[in-house]
Each structure stands twice: as structure tokens, then as C-alpha cells.
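Dear colleague,

Please find the structure below, followed by a short account of what was found in it.

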Amino acid sequence: MTSDIVSNLKIIENRINQACIQSNRNPDEVKLLLATKTVSAKKIQQAIAAGYLLIAENKVQELKNKYEKLKDTPHINHFIGHLQTNKVKEILKYDVTCVESLDRLKLAEKLQKRLEFEDKTIDVFIQVNTSGEKSKFGVYPDKAIEFTQQVAHLDRLKIKGLMTIGLFSAEAERVRKCFQLLKNIQTKIQSLSIPNVEMNELSMGMSNDLEIAIEEGATIVRVGTAIFGERKYPDSYYWNEG
Ligand SMILES: *Cc1c(COP(=O)(O)O)cnc(C)c1O
């Protein structure tokens, strides 16, 4: 198993490097995030030992289950799932440094309140629903700027960029449109120079579409299946409430 994960990581690294060459980008600009839903702490540790420290869960329950087993292994935790407001307090216990899936004001306000209480800050990405599919979370593209401006008033939340899940389609050009849309929104927000808003990060691209995402400006690609293998549950299970 060890060698599987490690060799898969090498394959992904090569794909990232190739995509960077293709689009004249420096590979140092693109980080690999390991999407670890359903993956055991043991396997995650193998990936961390291979030098990949940025990991992310979709559900607070899984984060909690693996926390004790991973806490002595230095790594960085992002959160990429739909976060319920009643889990805000809990998520902060497990050393999550960035919520990539900020998608509504109620959640932002809840985070702000709790962070004030704990005298902490957290990084956030605004999740944008670029595919327009009902099954996916995220603010709609035409609401993204207004939402960013609202969140910018919450001083405990440090906006670092945008996140999206592209359309699942074999048609590369339709997938590409999602990523181009996210890039366009980033450029627009950058041009507004909103106080308390940094817009350097674009988290987009997964196992099947990371090359397209990198060509369109991704700074973080989130990869699960291509490293750890197929999952038992459909992704919709992880992207939906409850
Ligand atoms: C599962 C997941 C990924 C990784 O998807 P793969 O297709 O397994 O690479 C990326 N982002 C989010 C939000 C996910 O839930």
C-alpha cells in the first residue's frame, strides 16, 4: 500500500509539472492538497511522510475521528466540505487553518463570533458554484463580489482566495469554462482592492481535471481518488448536508 500511495503521488506530481510546462507556469505556484475523505489515518500518514503536508476533510466527524491519530505528525488542515453552523465550534478544536468552503453569510458570522471569543483568526476561501448545478454548494458567480465584500467586514476571517468544484463532464471545454469563470471573478475582486481581502489563491481542479485547472490559474489542486483510490460512497454524499 505504501508504495501505491507514494507512486500515485509521483504520478500526480508529474501531471502537475507537465501542466505547468504546458501553460508556462512555475510549478512552485501550484500546491497539491490531499482530499482525504474516507481515507484512513494510516494511509494519510504515508502521504504526509512522503512530504505532502496539506490535507483536507469534508466532514467534521471524520476530522474528529482522525485528529488524535494525526496530531503528532506535522501537517496542515484545510476544510473543504459543507460546514454546518452548529459545527463551527468543533472545527476550531481540530486545528483547521483554512475553510475553503465558505458559502454563506450566516456561516461567516458564526465563525467570526466564535473566533472573537477564542481570540483567533482563520483563513477562508469563498466557494463559488461555477457549474450552476443545484447539487453543488457555493455562492452563485453573480453574488461572489457582494459576498466577498460582506465577509471582508468580519475581521477574524482572512479571505485568501476562491474555491470551486468544476462541472463533472468529459467535455473539457465545459469544465474549462468553470475554471475561467473563477479566474475572472478573482481578477475582478483583485481590481477592487477591498480592505482585508487577499485574492492570491485559486483552489480548483481534482483528479480528473487538474491539468485544465492549472492551465486556467489554479494555485491549489485538490486530489483524492488518483492518490488513494476509488471511494465507496458517491461524492454527493460528501457534498450534501447531514
Ligand atoms: C473529494 C473532493 C476532491 C477530490 O476529488 P477526487 O476526484 O477524488 O480527486 C476535491 N474537492 C472536494 C471539495 C472534494 O470533496
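With which residue does lysine 31 form a salt bridge? The partner is glutamate 201, and the closest N and O atoms are 3.2 Å apart. A salt bridge here is a side-chain nitrogen of Lys or Arg within 4 Å of a carboxyl oxygen of Asp or Glu. Because lysine 31 lies in strand 1 (residues 31-35) and glutamate 201 in strand 7 (residues 197-203), the pair ties together parts that are 170 residues apart in sequence. Strands (E, at least two residues) and helices (H or I, at least four) are DSSP runs, numbered from the N terminus.

Please note that this is a predicted model, in which local features need pLDDT of at least 70, side-chain atom pairs count only at pLDDT 80 or more, and totals for chains, interfaces and linings use all residues. Residues are numbered from 1 along each chain as its sequence is written, and side-chain values use heavy atoms, with hydrogens and water left out.

The whole structure holds 17 salt bridges. In one of them, glutamate 215 meets arginine 176 at 3.0 Å, N to O. Glutamate 215 lies in helix 8 (residues 210-215) and arginine 176 in helix 7 (residues 172-192), so this pair ties together parts that are 39 residues apart in sequence. Shared partners join Glu173, Arg176, Glu215 and Glu216 into one network of salt bridges.

Leucine 102 is in contact (heavy atoms within 4.5 Å) with residues including Leu107, Val124, Phe147 and Leu157, leaving aside its neighbours within four places in sequence.

Yours sincerely
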